[in-house]
Every structure is written in structure tokens, then in C-alpha cells.
Amino acid sequence: MSIATIATAPIDGQKPGTSGLRKKCKVFMGAHYLENFVQAMFDGIGGVEGKTLVVGGDGRFHNDVATQTILAMAAANGAARAIVGQNALLSTPAASNLIRTLETDGGVILSASHNPGGVDEDFGIKFNMPNGGPAPESVTNAIFERTKTLSQYRIWQGAPVDLSAIGVTKLGEMQVNIVDPVEAYVDLMQRLFDFPAIADMIKDGLKIRFDAMCAITGPYARAILEGALGAPDGTVVHGTPLPDFGGMHPDPNPTWAHELMDEMMGENAPGFGCASDGDGDRNMIVGPGCYVSPSDSLAVIAANAHVAPGYSDGLKGVARSMPTSAAVDRVAEALGIDCYETPTGWKFFGNLMDDGRVSLCGEESFGTGSDHVREKDGVWAVLMWLNIMAATGKSVPEIMEEHWARFGRNYYSRHDFEAIETEKADALMADLRGKLDSLKGHVEGPLTVAEADDYEYLDPVDGSTSAQQGVRVVFEGGARFVVRLSGTGTSGATLRLYLESLETEKLDLEPQAALMSVIAAAHAITCLEQHTGRTSPDVIT
Ligand code: VG1
Ligand code: CO
């Protein structure tokens, strides 16, 4: 048993995207693929000698094997200690919490999040910083640069660690602490939310359905809802994490969480429905007959968070990703707090939270969270909604109606066009970028273009810039569409079209109908059909 230095050569394309490196599982299983990236990651953060790292993942196929590889490489690279979730499991927000509270030097999270799992599906890996948040672009760029020059990696060769036994063990010279993945997270939630009030509401008859989609949140939701809060067994469905997510696509949106949607739109709908994704950082909130769009959820939480004990002093400020609707902006205005706009991806919120500028962040892609960790947090969002319901005594539909009556309604939808040939998607973006300067004043049906640009972010904390973060076309009157290419897919290109219009009078329209002219204008201006041959989206959220 010894440390081996293995010769290798750079592997093309190991560039982290919106949230880490994601590829087909079989790519990760290829010779040296994971090892190369892990060594580049360790080198890219300045080495791991003497450091403490948190390691865990969402339980998808290859999670266990990959965890052993990472531990063996951490040991061989001189890490002092690894903190690992039992059976290599940790939800992304729980990993973020451990990284922060145990004052570690960061962590490695194994997940392809909302992408399907299994030997023929997706796998992913990312590095989180000592603040618990995803590595910023400066670090992911350094990691990518290192992948291009790597010639060897170090790995401990010996028996793997038994990850099923909670306790302390050793791998070479490195100490390995195997911890309960759920416990510390439940403690944190108990400090933020009014558990007795939520438990009373459940005792008084609120029926909840939590769809864990056979992914990581099952054990967390069971411990909290069915354990601490006293909801009946069976409240959590698809609650056992499976390596292939039971064939489910663990993306909590109306398309993929259709079982939950059917139940919530049906006659005997429970009072509250919710779902989370593969790694537990996303959430979908649904009331009986009432789907809450993520952008609206963010706005409702901004308006009501002060009812939860952890937020009773009010919010410092809020932030949303650029394609997320401006619903939260008007809440921030009413509250007199700052509202920041960032590119897509949670990594851009970290600086704002660390600097004490914001305490609530959200994305239109079913991501909401606060500065309790540095990742978005699905179970947190569910508990925040339950706390708001318990404190106000209102149902989801009542909360939404009152919210829109007070702030107006940003009709919003995202249309995804999946598995487009990369060249075609790139050509569409290039063409669109090429004509941005001439779009002002352009008339499309009832809409006139007021401004069009390619979003560039200037981080107000560290002064870094990120260019080409999505093309936005704003019409007179404030309606807009945004187009960008996904940075989390593993085959071809996914084009995301984000559509929005503000309405202060007609509050009960069907979103697709309310957005009809914006949709038509977006198709015409992007020449979507000419470029891609597509006329209708694969997924609508
Ligand atoms: C998508 C979402 C983005 C989210 C990211 C990671 O990225 O649009 O808002 O932060 O996934 O979410 P993209 O580049 O495919 O649009 V998760 O739940 O994968 O950690
Ligand atoms: Co996720």
C-alpha cells in the first residue's frame, strides 16, 4: 500500500460549465478521466496538502466509486482530513453547510444535479470553496488551464474506505470522518424556521406531498417532514435515493414532476405540493390547482421571509439571475432593500452574500436559497413556504393572489429547445449577436424593441467581469425575452428562451397566452425555425 504517481496526458474538453464538469457517465468512467480532472482541481486550488475537504454526492450511478477515487487522490496529495457523508451521500446544500460550519478548506461535490442518472446517463463533479459556494470563474478557469498541461496524478493504492460506517478511520495518512449526511442539516433548518408552528399546521390537517424523485432529498425530507414535523408516513414519495433515480428525470418542473402536478391539479389535491432535484438544491412549489413559478416564489419569499425566525430582522438585500423575472425587484423596491442582477449560476451570488449585501437569492430555474449556506436549497425553500403559510394562515393560491394584487404579475415562462446540433445553436447566437445594434426600434407585431444587448456582469465586490451571459431584447413597455445556451447539458446544445411581461390589471391569464406576442417576436427575431428547424419547445416551465 503506497502512493503511486501515474503518468497521464491532458484530456480535451474538461471545462467546467454553469455548475462544474458534467459529462456522460461513461466518459467519466474512461481511463484517467476523473483522475485527471481531480488532480487539475487540486492543483488549480493551490494543492490540498494539510487541508480538510468535504466529499459527497447525490448518490447517482458511479457516486460511490468516484468518491473512493477522490479520497485516494486526496490522501496521496497530502490532505489532512476528509469529511464524507455516509455511503458517499450529501445533498449539495448539506455539503455546503458542512464545508462552512466545520471550517474546512472546501469540498468536492459529485452531482449532475437535475440531469438523469445511470450508466448511460450523466455524471458531474465540482469544487466548492471554503465559504461553501461553487468555485468562481477565476478558479474554474485555473482548473481548466491545468487540465491542459497535466502529465501525472497521485493516488493512494490500497483498500478502499468502508463508507457505510459512521466514525473516524484512515486512508494512508489522511483521516476520514464519515458523518450522518442529514443530522447537521436538520439542526440548521430547525434554527431558521418555526418548526412548532409548522407542526401545528400539519396537525390541524394540512396535507403535504413531497416528491423526492428518487434522488438525494428523500432522507432529508423524511427526517424533517415525517420526523421532526410529524407529517404522516407517505408524505414523502419517491423517497429512497437510487443510482438511476428509478428512471426518473429528477428535475422538479411541471414536465418532469408530472406525477406531482397531476395530483396537485386533481380533485383531491393536498394543501401543499413540492419536489426537489437530483442533488437537492432545486425546488418546485405547487398549491392545489396553483403552480408557483420559481420567479414568483422568489418574490413571495422576499416579501414574507421576515415571518421565519431566522430572517426576523429582515433581508439585507436580494439577488436574482438575469433571466429570472423582475417580480422580486418590485418587492425589493417596496421593502427599500437592494436588488442585484447576476449571470446564470449560483456561483455569482457567493460574493454578494459573503460581502453582506444580500441574504436571499434566486433563479428562474427552480433555485432559491439564502445566506444560511452558499448553494441554492430545495428543502429550505419548502420549509420557508410552509413557515409563511403557518404564520399567515393562508393557502398557496391565497398567497399568490394577494401577492399579484399588491405587486402586479410578471407573466413568465421558459422554453427549452433541447439537443440542437451545436453548430446550429452557435450560428443562431452569432447571428443574433451580430444584429443587436440594429434592433432598436424594430417592430414585431404589437411590440417595438426598446433595447437589445449581450449581458455582461461586473461583480461589484471583486471587480471581475463575465461577458456574453445571454442576449436580452427588451420591448417598449417592459416585456422582454432572453436567449442563452445551457452550460449544464452533456449532448448537443440546449437553447433556453426566457419570456416575460408585466401585467398590473389582468392577473389571472394563462401564462402562455399572456406571453403570446413575446413568444412570436422571439421566434421571429432569433430566426429560430430557420436556424434549428424547431417550432415548439421540448420543455416549458
Ligand atoms: C441551469 C440553470 C441555472 C442553474 C444551473 C445549475 O444552468 O439554468 O440557473 O444554476 O442549471 O443548477 P444552464 O447553464 O443549463 O442554463 V443545478 O440544480 O444543476 O445545480
Ligand atoms: Co441541482
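This is a predicted model: local features need pLDDT of at least 70, side-chain atom pairs count only at pLDDT 80 or more; totals for chains, interfaces and linings use all residues.
The shell around ligand 1 comprises 18 residues. Those that come nearest to the ligand are Thr18, Ser113, Ser486, Gly487 and Thr488. By residue class, the shell around ligand 1 divides into 12 polar, 5 charged and 1 nonpolar.

Packed helices are described here by two quantities, the angle between their axes and the distance between the axes. Helix α2, residues 33–44, packs with helix α5, residues 137–147, at an angle of about 125°. The axes of α2 and α5 are 8 Å apart. The crossing of α2 past α5 is right-handed.

A second pair consists of helix α6, residues 183–192, and α8, which spans residues 217–228. Here the angle is about 50°, with the axes of α6 and α8 10 Å apart. That angle makes α6 oblique to α8. The crossing in which α6 passes α8 is right-handed.

Helix α13 covers residues 378–392, 15 residues in total. From its first C-alpha to its last, α13 reaches 21 Å, close to the 21 Å expected at 1.5 Å a residue. Of the 15 residues of α13, 13 are buried, so the helix is largely enclosed by the rest of the structure. The helix is followed by Gly393, which has a positive phi near 70°.

Most residues other than glycine have a negative phi. Cys214 has a positive phi, near 55°, and is not a glycine. This residue is located in the loop that connects β10 (208–211) to α8 (217–228). Cys214 has 22 C-beta neighbours inside 10 Å; because the threshold for burial is 20 or more, Cys214 counts as buried.

Ala419 also has a positive phi, about 50°, although it is not a glycine. Its position is in strand β19, which runs over residues 409–420. With 12 C-beta neighbours inside 10 Å, Ala419 counts as exposed, since the exposed class takes in residues with 12 or fewer.

Ala9 belongs to the loop between β1 (2–7) and β2 (21–24). Its 9 C-beta neighbours inside 10 Å place Ala9 in the exposed class. Ala9 and Ala419 are 410 residues apart along the chain, and 30 Å separates their C-alpha atoms.

Two further residue pairs were examined in terms of sequence separation and C-alpha distance. Val65 is part of helix α3, which comprises residues 63–76. Val65 counts as partly exposed, because 14 C-beta neighbours lie inside 10 Å. Between Val65 and Phe417 there are 352 residues of separation along the chain and a C-alpha distance of 33 Å.

Val318 lies in strand β15, residues 317–321. The residue is buried, with 27 other C-beta atoms within 10 Å. The C-alpha atom of Val318 is separated by 9.2 Å from that of Leu352, at 34 residues apart along the chain.

Notes: Residues are numbered from 1 along each chain as its sequence is written. Chains are lettered from A and ligands numbered from 1 in the order in which they are written. A residue is near a molecule or strand if its C-beta atom, placed from the backbone, lies within 6 Å of it. Ala, Val, Leu, Ile, Met, Phe, Trp, Tyr, Cys and Pro count as nonpolar, Asp, Glu, Lys and Arg as charged, and the others, Gly among them, as polar. Helices (H or I, at least four residues) and strands (E, at least two) are DSSP runs, numbered from the N terminus. The expected span of a helix is 1.5 Å times one less than its number of residues. Axes are lines fitted to C-alpha atoms, for helices over the stretch in contact, and angles run from 0 to 180 degrees between N-to-C directions. A crossing is left-handed if the near helix is turned anticlockwise from the far one by less than a right angle, and right-handed if clockwise. Angles under 35 degrees count as roughly parallel, over 145 as roughly antiparallel, 65 to 115 as roughly perpendicular and the rest as oblique.
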